[in-house]
Amino acid sequence: MANSVWWRGRLTTLAWALVRLSLALFLALSLAVPALAATLPLVAIREVRALSPEKAAENPAVRIEVVVTCFVPGWNHLFVHDGSDGIAVAMSVKLCQSLPPLPPGTRVRVDGLAEAQPRPSAGLPPGTRVRVDGVAQPGGFAPSVTATGIEVLGVGASPSPRPLTAAELYSPALDCQWVEANIVVRTIGREEGRLVCDVEIEGARAQVFVWQTEPFEVPEWLAVERSLRLRGVAATVFNGRRQMTGRYFHVPGFASLHPAAELTQESAAPLHGIDELLRWGEGTQRQRVRVRGAVTAVFGGAGIFLRGAGGSLFVRSAKPPALAVGDLIEVEGYPELAEFAPNLRAVAISKLAAGLPSGPSSMSAETVLASQAHHDLLQVEGELIEIIGGRGRTTFVCRSGRNLFEAALENPLMPPGLIPGMTLRLTGICTMAPDPLGYIFTPIRLFTLQLRSPADLEVISRPPWWTARRILWLLAATASVAAFAAFWALALRRQVNAQTALIRTKVKRESILEERGRIARELHDTLEQELLGVNMLVDHAAARLTSAPGEKGVAHTLTLAAGMLRHCREESRTSIRDLRSVALEKLGLPAALDELLRPLAVLGHAQYSVTVSGSPRPLGHLVETALLRLAHEAVANAARHSHADHIGLDIAYEEGTVSLRVRDDGCGFTPHEAEAAAGHFGLRGMRERVRKIGAEMIIESAARLGTTVTITTPAP
């Protein structure tokens with residue numbers, strides 16, 4: 001009994017230990033599995049495509065085994081498929097160069113229909129089974145893979161292509177899928193390493209890139225308006241917001257294109273003139289036509305230009321025969337719409353005869369814009385404005401008159417020695433560019449010349465020495481010289497002004513000295529002589545009195561001496577007044593007439609008034625001094641002799657003249673008798689001063705009617 005109880009206890013303890021251990025293992029596995037899952041690489045394309053852009057940006061590891069559907073050599077891209085989904089794999093250049101070639105003799109399924117031996121230069125041909133190690137990327141449209149290593153596993157089974165219709169053509173989920181579709185070729189163009197075709201799938205438009213890794217020839221069955229069976233990778237055109245904007249296809253070589261039906265011999269197409277294509281009543285784009293003309297230019301991989309009946313034409317052909325400029329050819333194909341005039345998509349080109357090249361049509365830019373010379377061979381002269389180079393193409397921007405145009409040269413080696421400002425003669429194929437605002441009829445906005453070779457560019461004249469840059473330098477130098485000259489003139493003017501001020505001060509000082517000398521001379525010539533005469537008369541009178549007392553002639557002699565003394569007194573006063581010209585300079589003529597002459601009238605017991613009319617203005621020192629002296633003499637005479645009650649002075653400033661009038665209501669006098677009287681020198685002195693300044697003086701006076709003295713002088 002005791003043993004059974006002991007064993008029961010042991011079993012219970014063991015059971016509880018097992019339960020605790022199970023719980024611990026469960027918790028450990030719950031924590032470890034997510035971490036382990038996070039470190040495990042994604043092994044299916046579907047898992048990568050299901051990542052959101054945010055998750056893909058974390059670059060989770062990827063390890064997938066897939067089959068190559070297309071290798072794009074120019075882009076270092078692989079398109080691969082795992083049987084369910086497709087994806088794009090980006091490779092570095094170093095990784096591409098390190099890929100091992102397939103073993104000799106290996107055969108792969110090129111397009112799922114036929115087996116072929118891969119070419120050594122084909123990189124990873126379709127059907128190659130590889131293991132891709134790398135990381136996921138958000139991609140521009142859908143998640144993709146950036147490879148860090150690729151291991152070639154051998155040959156795998158190509159995926160079954162997904163049938164494609166026009167309804168599914170623009171489905172975003174079709175990206176990177178291996179598809180199959182019936183197409184109709186509309187245009188064929190050739191670029192380096194690939195053929196570019198515009199195709200229709202049940203009326204919907206798309207592009208096809210046929211990749212080749214070595215020089216190739218276009219098969220005869222690949223032509224415009226042919227129905228083909230296509231197998232390739234659906235690729236997507238997208239914008240910066242991860243939105244689909246178009247569809248195109250990567251095709252791994254011509255083996256993935258097959259004629260959809262047996263080619264039948266078609267009847268001969270009708271012959272048309274170039275200007276008859278796509279005209280009213282002349283057929284449609286689907287109608288096959290023939291045109292004839294002479295070759296004017298051949299551009300490899302793009303097409304040829306020919307000149308024929310009705311104008312010039314561009315023939316689009318990816319496989320033109322060996323043609324020379326001037327050859328007469330016949331082209332059979334389909335018209336296609338273009339921006340300015342129809343083009344022709346060639347099906348067959350045959351050479352009819354060899355001919356001489358026809359010369360270009362010489363036109364000015366203005367004539368070209370007014371013509372219908374689209375796709376014609378033209379020769380235009382213009383001034384080179386700018387040279388733009390890049391991507392194996394050099395563009396020359398030129399000006400002819402008021403019009404700009406471009407000339408393009410598909411040549412990475414630009415002709416040497418070309419500089420802006422040269423005058424060029426350019427020969428090339430003219431391509432018109434219509435104005436986008438011309439909705440129905442397309443007016444020409446500008447044109448471009450496509451040069452055929454560097455020989456089509458001829459330098460007529462070099463640019464003139466007077467370029468814009470040199471003119472600017474000359475203007476800058478001229479402005480500097482002008483600024484220096486202005487500064488020098490300003491400095492010289494300041495110096496001249498300073499010297500002029502010194503000279504003016506010196507002249508003024510000399511004038512003062514000269515005036516003092518004049519006064520001294522006048523005092524000498526007048527006052528001293530008069531005093532000498534008086535002295536002689538007095539001596540004579542004294543002698544007469546001594547020798548013959550009571551002589552009547554003595555009285556007469558003394559009377560003459562008294563008159564001469566009065567005259568000397570007046571002369572001395574006049575000279576003193578000439579020295580006191582400060583009042584005239586400080587106050588002006590009207591104020592000086594009032595200040596200096598009013599005391600004279602007051603001494604004569606007369607009322608004095610000054611009237612000014614007009615606008616006072618400076619008259620010059622000589623004229624103002626003379627008028628002041630004349631007025632002084634007239635007022636002094638009136639105050640001393642006329643016994644007037646009122647003396648008035650009127651000064652009138654008129655245009656060109658100044659009039660001074662002194663009038664009184666005194667006793668009056670007879671002017672000619674006063675001038676003739678002995679000992680009266682005042683009126684004669686007044687007339688001398690009037691003549692000195694070129695003025696005119698009129699004296700009107702009569703007994704008991706007062707006196708009026710009018711002086712009129714020209715104003716300087």
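The legends below describe close-up views of a predicted model.

Residues are numbered from 1 along each chain as its sequence is written, and side-chain values use heavy atoms, with hydrogens and water left out. Because the model is predicted, local features need a pLDDT of at least 70 and side-chain atom pairs count only at pLDDT 80 or more, while totals for chains, interfaces and linings use all residues.

**View 1. Overview of the protein and its confidence.** The protein contains 12 helices and 31 strands; helices (H or I, at least four residues) and strands (E, at least two) are DSSP runs, numbered from the N terminus. Of its 716 residues, 39% count as buried. Here buried means under 20% relative accessible area, exposed over 50%, and partly exposed in between (1.4 Å probe, protein chains only). Contacts are heavy atoms within 4.5 Å; among those between residues at least 6 apart in sequence, 60% join residues at least 24 apart. The average pLDDT, the predictor's confidence in each residue from 0 to 100, is 80, and 77% of the residues score at least 70. Among the elements, strand β3 (residues 86-90) has the highest mean pLDDT (93) and strand β5 (residues 115-116) the lowest (43). Over residues 104-122 the pLDDT is below 50, and this stretch has 43 contacts in the model beyond near neighbours in sequence.

**View 2. Two loop residues with positive phi.** Most residues other than glycine have a negative phi. Asn59, in the loop between α3 (53-56) and β1 (61-72), has a positive phi near 55°. Asn59 is partly exposed, with a relative accessible area of 32%. His375 lies in the loop between α5 (365-369) and β21 (377-390), and its phi is positive, about 70°. His375 is buried, at a relative accessible area of 7%.

View 3. Arg345 sits in strand β19 (residues 343-353) and counts as buried at 3% relative accessibility. A polar atom of the Arg345 side chain lies 2.5 Å from the backbone oxygen of Arg186. The Arg345 side chain also reaches the backbone oxygen of Pro335, at 3.4 Å. A polar contact is a pair of N or O atoms within 3.5 Å; within protein, one must be able to donate a hydrogen and the other to accept it, and residues adjacent in sequence count only if both atoms are side-chain atoms.

**View 4. Helix α9 and its kink.** Helix α9 (residues 589-603) has 15 residues, which at 1.5 Å a residue should span 21 Å; its end C-alpha atoms are 22 Å apart, which agrees. The expected span is 1.5 Å times one less than the number of residues. A kink of about 35° lies at Leu597, shortly before Pro599; the bend at a residue is the angle between axes fitted to the seven residues ending there and the seven starting there. Buried residues of α9 include Leu589, Leu593 and Leu597. After α9 comes His605, with a positive phi near 60°.

**View 5. Strand β31 and its two partners.** Six of the eight residues of strand β31 (residues 707-714) are buried, so β31 is largely enclosed by the rest of the structure. Strands pair if DSSP finds at least two bridges between them. Strand β29 (residues 657-664) runs antiparallel to β31 and is joined to it by eight bridges, with Arg663 opposite Thr708. Strand β30 (residues 696-701) is also antiparallel to β31, through six bridges, and Glu696 stands opposite Thr712. The hairpin of β30 and β31 has five residues between the strands, and in it Arg704 takes a positive phi near 60°.
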